[in-house]
Amino acid sequence: MPRMTMIEAIRSAMDVAMGRDDNVVVFGEDVGYFGGVFRCTQGLQQKYGRSRCFDAPISELGIVGAAVGMASYGLKPCIEIQFADYVYPAYDQIVSEAARLRYRSNGEFTCPIVIRMPTGGGIFGGQTHSQSPEALFTHVSGLKVVVPSNPLDAKGLLIASIEDPDPVIFLEPKRLYNGPFDGHHDRPVTAWSKHDLGEVPEGHYTVPLGKAEIRRPGSAVTVLAYGTMVYVAQAAAEETGIDAEVIDLRTLLPLDLETIVASVKKTRRCVVVHEATLTSGFGAELVSLVQENCFYHLEAPVARVAGWDTPYPHAQEWDYFPGPKRVGEALIETMEA
Amino acid sequence: MTDNPSPLKFHVPEPEVRPGGTPDFSNVPIPKAGSVDRPPVDVDPRTIRDLAYSIIRVLNREGDAVGPWAGTLTDEEQLEGLRHMMTLRTFDARMQMAQRQGKTSFYMQHMGEEAVSCAFRKALNKGDMNFPTYRQAGLLIAGGYPMVDMMNQIYSNEKDPLKGRQLPIMYSAKEHGFFSISGNLTTQYIQAVGWAMASAIKGDTKIAVGWVGDGATAESDFHAALVFASTYRAPVVLNVVNNQWAISTFQGIARGGSGTFAARGLGFGIPALRVDGNDYLAVHAVAKWAAERARSNLGPTLVEYVTYRVGAHSTSDDPSAYRPKTESDAWPLGDPVIRLKNHLIRRGLWSDDRHKQTEAEILETVIAAQKEAESHGTLHAGGKPSTRDMFEGVYAEMPAHLRRQRQKAGV
């Protein structure tokens, strides 16, 4: 089986989807001739022509707004926002239009679009190239929110998202594009070519939305994570010697509550980890659900490890990033509680 | 460096007249009907920049149709157009009253602007798609959409095609080329461009139409729409209905230093026309010109309809608080229904008696539709959409968390 980086897997997903369905179109800033600043769309314009893959003006609201119109016509746009940090001008189009169209028109018009965007930090991108805005989308009824953590999932989830009849926010942890980064920024990252999850089938397959995956089975404590934090959590478990069960949520909305509840009822402890800022983050929702569903099984308060409630800093990136040390401390505290 | 800089002055535009003053439109230049050239549709946009500052008019003061833009409609079509405008006006009056009677929460009428959407609709083909605002119901009336379905939506009753989920008059009628109205302003303008791009991508023959009011042109979506339409030469007609008032804010606040709203198109290389929005024949002629451009792969056209919002913005608005009560009487472009009526009478195709008789017939038809709609309920009485309907349609398939919430709601 071929080995792919996450970038190659995402590109392969769009290639497969475009090859199977003429209605799939791909556009965004720099995605056409050049193939995207992260090269996720490289070669698609050459292969499918300028009317299927093209460059867009620097207008995120224009990109999303045009995609909403295209989707209402019957196309399936898979669009790129160059960085998740740039999506805010398009927020009205996403919240008031893409997410609401099916409901308000009673299904006359629908919006099967995928909005891909690189998310998260760890690349010295400062406050405008590092944010994790997933909670701004999980709060919106009508959207689906996906965060893959590896090439195999990224391709299957992206194809599933493109084939989904509703709008999907597809957040790509950019620090994982080339390898499973575990938060140890002072060490070289393993390449996906040397990792099992870098083995990606060439053709069509899907990973269903709304299904979590247990990445590290364990019995002592459940760690709920997604994106880059999946590897940080695994590293923290190894380094503390705590037998944590690490769940990769993969889809935040709709959420795989069953897998979460079954695990927490088994381990009786839970730590929630994300890179996004703490207050009103998606972790708050997870903690609520865990206590609503598992309260009488819990041996300890549910802990949260997240980005500090500051803008994403530049020079202090590794003081900000919730790395294995901070996650490890939370694991120990939760075990000792 | 200047040694003695003078203090900077902050400028806030104000309309000429406020309540208590005498309405004055002397600063609105009205060119004579028939005086504006009609260029070929494949004209180089750079050579018709003056059209963005003039007003294309067909019906003159005497009621004659004159000039190069006249003659796009047959007698029968003109008579039908008059009937559509009269129907919309009667429909509005009845629904306005129904709102006052508590049968619905909200209504928005078209008084004075009937020609714009009614005439525009007649320039479109089946399959073309409008992305309307809340003041283009003439697209539905003139397109043959059943009035009773409009009323069912307004009443949010058990037959509401939108299941009670959307504010009154935010219709959706795909088969009639009428995109779901959002309620947020200008969002649909760029969507119209996207729809048109899709039609071109697929090699289709359908065109799209974007609609926006004068005030909402200030939204960034307007700029995005013009950029995308210009860049991809989208088969779209971009309409700006300038009815002079954005709720209480006069059009000068959105227009700023630009001469006209049409002129916004010039920097994008988009042909820009201004038309007398109270002149059914002129609106149709310009709509036809712009639609033909779109259909011929010549790209977008920006059209500004110069009109006047005679009524309140909505049932929640009272214009006497911000403009003279008699301002609409002073509006120099007159009333669209009366102008077309006079034209048809002058040509011997119509009479005052037939007009009165038709008014009575229309009223009867509208009342009959209203009775039927009310038999299916009004907002606070009779049949209404179910609580179950509230949970449906958020997604194609209901996810588990919504199923749990629906159970909790006891449905």
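How many residues of chain A are in contact with chain B, and how many residues of chain B take part? In this predicted model, 42 residues of chain A are in contact with 44 residues of chain B. Together the two chains bury about 3500 Å² between them, and carbon and sulfur atoms give 62% of that area. On the side of chain A, A:Tyr73, A:Tyr103 and A:Arg104 supply 23% of the area buried against chain B, more than any other three residues.

The polar side of this interface may be described next. Between chain A and chain B, 24 residue pairs are in polar contact, whereas the number of salt bridges found across the interface is zero. The elements of chain A that give two or more residues to the side touching chain B are strand E2 (53-55), helix H3 (60-73), helix H4 (91-98) and helix H5 (101-104). Of these, H3(A) gives the most, with ten residues. Sorted by class, the side of chain A that touches chain B has 20 nonpolar, 13 polar and nine charged residues.

Attention now turns to chain A itself. Chain A is divided into domain 1 (4-196) and domain 2 (211-334). The contact between these domains takes 37 residues from domain 1 of chain A and 30 residues from domain 2 of chain A. Their C-alpha centres lie 25 Å apart, and the two domains bury about 2600 Å² between them, with 61% of it on carbon and sulfur atoms. A:Phe124, A:Glu134 and A:Val147 supply 20% of the area that domain 1 of chain A buries against domain 2 of chain A, more than any other three residues.

Across this domain interface there are two salt bridges. The side chains of A:Asp153 and A:Arg215 meet in a salt bridge, at 2.5 Å from N to O. Residue pairs in polar contact between the two domains number 14. On the side of domain 1 of chain A that touches domain 2 of chain A, helix H6 (134-138), strand E5 (144-146) and helix H7 (151-163) give two or more residues. H6(A) gives the most, with four residues.

A:Thr119 belongs to strand E4 (residues 114-119) of chain A. Is A:Thr119 buried or exposed? A:Thr119 counts as buried because its relative accessible area is 6%, and buried means under 20%. The side chain of A:Thr119 reaches the backbone oxygen of A:Gln131 at 3.1 Å. Beyond its neighbours within four places in sequence, A:Thr119 is in contact with several residues, including A:Ala84, A:Pro133 and A:Leu171.

Technical notes: Residues numbered from 1 in each chain as written. Chains lettered and ligands numbered in written order. Predicted model: local features only at pLDDT ≥ 70, side-chain atom pairs only at ≥ 80, totals over all residues. Heavy atoms only, no water. Buried < 20%, exposed > 50% of the residue type's maximum accessible area, 1.4 Å probe, protein only. Polar contact = N/O pair within 3.5 Å; in protein donor to acceptor, adjacent residues only side chain to side chain. Contact = heavy atoms within 4.5 Å. Domains from an automatic or database assignment. Buried area = accessible area lost by both parts, 1.4 Å probe. Salt bridge = Lys/Arg side-chain N within 4 Å of Asp/Glu carboxyl O. Nonpolar A, V, L, I, M, F, W, Y, C, P; charged D, E, K, R; others polar.
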